[in-house]
Amino acid sequence: MTEITRLFDFPYYQLEVHNLDAALATKYDGKWIKTSTKDYLDKANAVSRALLKLGIQKNDKIAVISTTNRTEWNIMDVGILQTGAQNIPIYPTICAEDYEYVLNHSESTYCFVSDIEVLEKVRKVQANTKLKDVYSFDHIEGCKHYSELFELGKDESTQPDVEARKDNVDPHDLATIIYTSGTTGKPKGVMLTHHNITSNALDASERLPITSGSQTRVLSFLPICHIFERVLIYIYQYAGTTIYFAEGIDKIGDNAKEIKPNLMSVVPRLLEKVFDKIMLKGEDLSGIKKGLFFWAVKLGEQWEPYGKNGAWYEFKLKIASKLIFSKWRAALGGELSTMVSGSAPLQPRLSRIFSAAGMKVMQGYGLTETSPVVSVEMYANNLFKIGTVGKVIKNVEVKIAEDGEILIKGPNVMKGYYKDPDKTASVMTGDYFHTGDKGEIDQDGFLKITGRKKEMFKTSGGKYVIPPLLENDMKQSLFIEQIMVVGESEKMPAAIIQPNFDFIRDWIDHKDHKIGTSDEEIATSDIVIKRIQKEINKYNKNFGKWEQIKRFELTPDVWSIDGGHLTPTMKMKRDVIKGIYQDLYDKIYRQ
């Protein structure tokens, strides 16, 4: 039996234990094309043989940039790692200048891209890098297709050379450098070893509701260049599940209906958008249908795990499930029972509602620097508690520092930041990694995240404010799409808000308000401002007087990755947002 100590051991283990006819599935020209475990490894080995012919040496760096998750990414991952080289995944959505920085900082010698858009960005900067060549997954005129490697590596007589390289890969060797989408400054290159990631995948796998060898179907769409989805892909391979790669984030609903997934990973932002769409549809109903819809939602908001609300509640929930929630499930294929949520805090309200609807949301916590899983919920064995990120996984240790910071120790903690020993030293105390997050462990052993150390600020009156707590509460409002709490060293907390333009347009239509419906008109409308003030007043009641938002301004823009407001993992770039809307900030505090 293959012992899993290096990342490329996962598919070999799958071949021995599960040997799937459909290990990976990607849609091409409207048709799902399935790749068996054997074909997956045959292609990966051909890639390895080709890379040796191209002169790839141990510890060389090869960049992979893909707009969507796809079978080719995984073939390249195994093909690269078997040679002792490192896979450098790059976020497709960053700008060409950042491509140049990452390609140069990592000293990548080859680059594999998914499509024409990514290729064009790479071509802009290629002359300023050490790249010897670029290959693409799509067929693009003027660019080598990655299948040329299969031809170059078709001679199996050189496979012993690949086996020798594989044998020479130590579990503590570097496997990948992941450049974090920093909210400030240049990306940091997080060095993760084979042992970092394999140990984390194996330790975290016990928390996923997957029975080994079962016919579980998984839909994968979160960026595989991020360690969260990448580790899940290794866990899925270990468990022997078929992985379907979504065509894009805009096609999740369509793809889910086609493949009927049992499990998928999500980020809170996606769940918020899904919920907003569901609520908009609810608003369009009338009469008894509308009444039943909002009765079911209200019931969902009261949900507690393990039947704690009693038999009468569970009876009502069965009715709500049959009449209302069954339609929600059908929109995502009808067989989705679990979603794993990471990357940012999830509103407890959404956790309750989706769980009540039969699609339980398991929150996890981790960082790129911890490979990434530190803790994660599981519904079985009473390991689920709303408002927490579950219990810490085995072999990982969490310590809460005197100032409330979460410190992590374990085999999952990174090797360090690439070419930056000073930065590495600044986040390590002995074997403990300083996360920058604040948290607490409750009496039942569940970890709760209370905020971000750097995001917490003091007002001029000396009172502490924790923005994420306020923001997470305020975002429960259907009128608010994004909110950033400000006020460091100012006399009071305030907020810069991006309204939920789609919902507000629908609200204007329903209320028959005589106001314009462009984003600009909505952001400057007195009627909208007054309505959002009502929402702010409602949620302010949950906080102390010194924390409450006293003033706010609305932005006419949709905050986006392309606009520079958000990182590729949908986190707010606070300094950037403040800079973009300096005029609104000054209006709050200087006028």
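User: Helices (H or I, at least four residues) and strands (E, at least two) are DSSP runs, numbered from the N terminus. With that settled, where is the place of Trp312?

Analyst: Quick caveats: this is a predicted model, with local features needing pLDDT of at least 70 and side-chain atom pairs pLDDT 80 or more, while totals for chains, interfaces and linings use all residues. Residues are numbered from 1 along each chain as its sequence is written, and side-chain values use heavy atoms, leaving out hydrogens and water. As for Trp312, its place is in helix H13.

User: Is Trp312 buried or exposed?

Analyst: Buried means under 20% relative accessible area, exposed over 50%, and partly exposed in between (1.4 Å probe, protein chains only). Trp312 has 59% relative accessibility, so it counts as exposed.

User: And Ile210, buried or exposed?

Analyst: Ile210 sits in the loop between helix H8 (194-205) and strand S10 (217-220). Leaving aside residues up to four places away in sequence, it touches Thr216, Tyr236, Ala239, Thr241 and Leu263, where contact means heavy atoms within 4.5 Å. Its relative accessible area is 16%, so Ile210 is buried.

User: At roughly what angle do the axes of H1 and H2 cross?

Analyst: Axes are lines fitted to C-alpha atoms, for helices over the stretch in contact, and angles run from 0 to 180 degrees between N-to-C directions. The axes of H1 (residues 9-17) and H2 (residues 37-53) come within 9 Å, crossing at roughly 145 degrees.

User: How far apart are the C-alpha atoms of Ile210 and Ile235?

Analyst: Along the chain, these two are 25 residues apart.
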